[in-house]
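Hi,

Here is the structure I promised to pass on. Have a look at it first, then read my notes below.

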Amino acid sequence: MLQHPVISEGSNERQCPEESFTPDWASLTLGVFVCQACSLLHRSIPHISRVKSVQDTWEDSDVELMAAMGNNAAKAKYEQKVPAFYYRPTHTDCKLLREQWIRAKYERNEFEFIEKQEPYSAGYREGFLWKRGRDNGQFFSRKFVLSEREGALKYFNKQDARDPKATMKIETLNATFQPAKIGNPCGLQITYLKDNSTRNIFVYHSDAKEMVDWFNSIRAARFHYLQVAFPGASDEELVPKLTRNFMKEGFMEKTGPKHTEGFKKRWFTMDDRRLMYFKDPLDAYARGEVFIGSKENSYTVLAGLPPSTQGHHWNHGITIVTPDRKFLFACETEAEQRDWIAAFQRVINRPMRPQEYAVEAHFKHKP
């Protein structure tokens, strides 16, 4: 069995995406310790990485190799030139992102040679993605063009079309991987604001690297846009703003503003301070959006529904109190109710930024 002093010689700094690192496995060819989840990904590149459990019997030569390299030294070698915008996955991210991060480091050596980063750092990208049709639910091959110079991502319905079907400004662009929701391991959800309302586009590519390159191209474009928009901001301040995962998604029931209508089942997405609801999870447009402000501005979330609530609904209610009205929702289970309340509370406990007051004002003036 490998003795733990060798682990300390190699450093405990994590080489895998996980937030907490338990070194149950090691790559004998790369000289790094990895967790159980990442060991499975390393097995997918056996020509690069040969993994072994720390509980197995080790040869002296294997121990010497691990002691000579270790995680710190490997990080210094394989992550020399990771661009600030490049997404570093965590244990909560989908398998696609975690696997491509490992392949980018060890198989393609993208962070040792800057020229290998051209596919996502050039400021311009053009190619075909499978896009879900807005009305019929089928996926069609569509040409996409991302241009930092034009500040937009565009897609075209026909290969030779001169005018794009949609132009998405980099300013409001977001991308998040949604493999389960879209039903494809490479499924990416792209959102942008159109007339200050959220528009969803669902795409995928059969090649995993191609899809992750598109994702990082969007992050690179956003990064350079924000560098210009906020010239005094550090990379550490800008990177969290490049793309974001949704805080919470799932089905709830809702009723209308008069609280006398019946409750209807809807798919809800909590995206920063925008709570959106859809008839179907893959709808292009939300049926409605609710702005969730801060407690300083009289926003509150309560468990349960008012006693006067009418109509049949799920048993676990949630009331969101805003300065103008109350929104009533119902969850199917107590666990879902608890998770939604926690998500709402995180938003409400966060003070509003100056630009969010303008968003709130827009919501208040919606017809």
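In what order do the three strands of the open sheet come? The order is β2-β1-β3, and the pairing is antiparallel. (Strands are DSSP runs of E, at least two residues, and helices are runs of H or I, at least four, numbered from the N terminus; two strands pair if DSSP finds at least two bridges between them.) β2 (32-34) and β3 (51-53) are at the edges with a single partner strand each, so one side of each has no neighbour in the sheet. Strand β1 (residues 25-27) is joined to β3 by three bridges, and S27 has V51 as its bridge partner in β3.

Before you go on, a word on the source: this is a predicted model, where local features need pLDDT of at least 70 and side-chain atom pairs pLDDT 80 or more, while totals for chains, interfaces and linings use all residues. Residues count from 1 along each chain as its sequence is written, and side-chain values use heavy atoms, without hydrogens and water.

Now helix α11 (residues 354-364): E356, E360 and F363 are buried there (under 20% relative accessible area; exposed is over 50%, partly exposed in between, with a 1.4 Å probe and protein chains only). They cover an arc of only 55° around the axis, so they sit on the same side of α11 (the arc is that of the directions from the helix axis to the C-beta atoms). The face turned away from that buried side carries P354 and A358, which are exposed.

Cheers
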